[in-house]
Amino acid sequence: MKGDLFSSEHVVRPAAAPGMSVENARCVRYAVDGEMYARQGAMIAHRGDLRFERKGQGVGGMLKRAVTGEGLPLMAVRGRGEAWFAHEAQNCFVVEVEPGDQFTVNGRNVLCFDPTLSYGIRTVKGSGIAGGGLFNSVFGGQGRLGLVCEGNPLVIPVTAQHPVYVDTDAVVGWTTQMQTSLHRSQSIGSMLRGGSGEAVQLMLQGEGFVVVRPSEATPQKAQQH
């Protein structure tokens, strides 16, 4: 066979080492030697001796759903082989979580992660009922976390002097050393006249980074994730 399709840009090479790596802009490869976790339905191909099992709501108290039904449907991948993961052709990224780090991320942006990472669902502090029930996944420990994002994400530094305000439908995640609260950006009079469509944002203060995507989730699409 010849042609652009079979060029070195597209042909998969053997994994250089166990674990997670970016195969291309829209796909993550995981060379499994034991166990790893991924969102249900994200596997697009695999080879080797691998087993895929639906993950229950609890592993040592880490995998749980909030009472609102918010959660991350997971599967465990066990054995030895290679698997490729993707979601709706979204862009893929790998985050290295180091000891002492914690990263808060929207569950819809999680693709896969190492079993050495701890995982839990927490309420976003300061969101309250007005925030529509903001629940995010919090990862800690040490390991790699594979994420997806619609479009190219913006990574915005947050400092004590310059807090950042983000749309709750556009935020992907943030480093957890920061404080969060809701911020109203328009007056009551403006809201009564129809508003700007940007009434409330999540304010992040402190030192760290926040990741946002260049689009907002529509209510229908948010429910699908």
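## Lining of the second largest pocket

In this predicted model, the lining of the second largest pocket is made up of 11 nonpolar, three polar and two charged residues. That lining has 16 residues, and those nearest the centre of the pocket are Val95, Phe103, Leu147, Val155 and Val211. The space inside the second largest pocket comes to about 330 Å³.

Several strands supply two or more residues to this lining: E5 (91–97), E6, E10 (143–149), E13 (171–175) and E16 (208–212). Strand E5 gives the most, with four residues.

## How empty space is found

A probe the size of a water molecule is rolled over the atoms, and this shows where empty space is left.

## The six-stranded sheet

Strands E6, E13 and E16, which each give two or more residues to the pocket lining, also belong to an open sheet of six strands. The order across this sheet is E8-E9-E6-E13-E16-E11, and the pairing is antiparallel. Strands E8 (117–123) and E11 (154–158) stand at the edges; each has a single partner strand, so one side of each is left without a neighbour in the sheet. From one strand to the next, the twist averages 20°.

## Strands E6 and E9

Within the sheet order, E9 stands between E8 and E6. Strand E6 covers residues 102–105 and strand E9 covers residues 135–141. The two run antiparallel and are joined by four bridges. Which residue of E9 is the bridge partner of Val105? The partner is Ser137.

Notes. Residues are numbered from 1 along each chain as its sequence is written. This is a predicted model: local features need pLDDT of at least 70, side-chain atom pairs count only at pLDDT 80 or more; totals for chains, interfaces and linings use all residues. Side-chain values use heavy atoms; hydrogens and water are left out. Two strands pair if DSSP finds at least two bridges between them. Axes are lines fitted to C-alpha atoms, for helices over the stretch in contact, and angles run from 0 to 180 degrees between N-to-C directions. On a 1 Å grid over the protein atoms alone, a cavity is a set of points where a 1.4 Å probe fits but cannot get out, and a pocket is an open set with protein on both sides within 12 Å along at least five of seven lines; lining residues have an atom within 4 Å of a point. Grid points are joined across faces, edges and corners, and a volume is the space filled by probe spheres set on the points. Ala, Val, Leu, Ile, Met, Phe, Trp, Tyr, Cys and Pro count as nonpolar, Asp, Glu, Lys and Arg as charged, and the others, Gly among them, as polar.
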